[in-house]
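Welcome! Please take a moment with the sequence and the fold, and then let us walk through them together.

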Amino acid sequence: MRLPALVLACLFLVVSPALAQRLDETPRVAVISAFPPEIGALNAATSEQKTFDVHGVRFTTGQLEGKPVVVFLSGVSMVNAAMTTQMALDRFNITRIVFSGIAGGVDEGLDIGDVVVADQWAQNLESAFARETDKGFEVSDSIRNSPLANYGMIYPRAIILPGTDLSAPARVWFPADPALLATARQVAADVALQRCAVDKCLVHPPKVVVGGNGVSAPVFLDNAGYRKYLRSTFEARVVDMESAAVAHVALVNATPFIAFRSLSDLAGGGAGANEMHTFMALASDNSATVVKAFVKALPN
């Protein structure tokens with residue numbers, strides 16, 4: 001038996017898993033980390049927990065420093081981060097988005113353990129890979145005339161937002177919310193950060209730095225040359241694999257966003273081997289410490 005098209009459409013509306021339903025109506029701050037080592041301290045500090053499972057993603061509601069929150073893992077890298085952030089926005093009443101995690105340091109003035117709160121984020125590998133010819137790299141004039149310099153065959157490109165056509169202005173930078181940045185500046189000076197991992201201490205006491213640029217890409221960066229390129233071309237202070245994707249989703253959904261990133265390594269700029277695994281726990285806890293102070297300072 002064939003059902004009329006209208007009946008089929010109505011059945012789709014009833015059963016389609018794509019049509020998300022709100023799981024909780026309480027206005028909440030979304031507190032996100034990428035993978036388990038980054039979120040442990042935040043989960044431990046969240047009381048009155050209630051959990052929801054959506055397509056394998058665990059969302060935990062509760063109270064963090066006296067504020068209603070929903071805490072969850074984005075998953076590692078850009079697509080996971082964008083997907084899970086949108087899932088949260090569709091299913092919870094999200095008033096602000098706060099990301100907490102580790103990152104690689106790009107600014108030579110920063111050290112492992114420092115917590116960076118960037119003003120804005122770019123997707124540095126949104127790019128064209130140019131054809132190599134006898135006369136050099138071959139790209140269109142629109143790409144060649146970009147204000148962002150190329151790195152060999154890699155030519156950065158700006159992003160055209162959904163719902164716009166190719167004639168619309170493209171975007172390189174996705175901003176953190178000015179009011180949230182102001183709150184971060186208020187708490188930065190009063191937070192005590194860890195200096196020592198289990199068997200190794202940092203040379204310099206860690207600090208919180210608010211301002212400057214961050215970049216994100218689906219790449220774990222451990223290359224000194226490309227690190228220098230990010231510093232000179234994007235004026236980046238920090239590089240990670242999720243923040244710019246979350247900032248992109250936040251902008252489209254008109255939701256205030258901010259990211260706290262503690263340096264676990266120098267993205268290839270250190271004198272020896274990459275130290276992420278040595279300082280991952282310290283950096284994760286330092287970021288969580290600042291985030292807890294930040295959430296506590298947020299207005300109700």
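**A walk through the model**

Helix H8 (residues 276-297) is 22 residues in length and spans 30 Å from its first C-alpha to its last, close to the 32 Å expected at 1.5 Å a residue. That expected span is 1.5 Å times one less than the number of residues. Helices here are DSSP runs of H or I with at least four residues, strands are runs of E with at least two, and both are numbered from the N terminus. At Leu-282, H8 bends by about 30°, the bend being the angle between axes fitted to the seven residues ending there and the seven starting there.

A word on the ground rules: this is a predicted model, in which local features need pLDDT of at least 70 and side-chain atom pairs count only at pLDDT 80 or more, while totals for chains, interfaces and linings use all residues. Residues are numbered from 1 along each chain as its sequence is written, and side-chain values use heavy atoms, leaving out hydrogens and water.

Now turn to the rings. The structure holds ten aromatic pairs; rings of Phe, Tyr and Trp (its six-membered ring) pair if their centres lie within 6.5 Å, and planes under 30 degrees apart count as stacked, over 60 as edge-to-face and the rest as tilted. Tyr-151 and Tyr-229 form a tilted pair, because their planes are at 50°, with ring centres 5.1 Å apart. This pair links distant parts of the chain, 78 residues apart: Tyr-151 is in the loop between helix H4 (141-144) and strand S11 (154-156), and Tyr-229 is in helix H6 (residues 224-233). Tyr-229 also pairs with Phe-234, their centres 6.3 Å apart and their planes at 85°, so this pair is edge-to-face. Ring pairs join Tyr-151, Trp-173, Tyr-226, Tyr-229 and Phe-234 into a cluster.

How much of these rings' residues is covered? Tyr-229 is buried at 6% relative accessible area, as is Phe-234 at 2%, whereas Tyr-151 is partly exposed at 33%. Buried means under 20%, exposed over 50% and partly exposed in between, with a 1.4 Å probe and protein chains only.

The largest nonpolar core has 36 residues, of which Phe-59, Ile-97 and Phe-257 touch the most other members. Such a core is a set of buried Ala, Val, Leu, Ile, Met, Phe, Trp, Tyr and Cys residues joined through side-chain atoms within 4.5 Å. Its largest share, six residues, comes from H7. A second, separate core of 28 residues includes Val-31, Val-115, Ala-176 and Phe-260.
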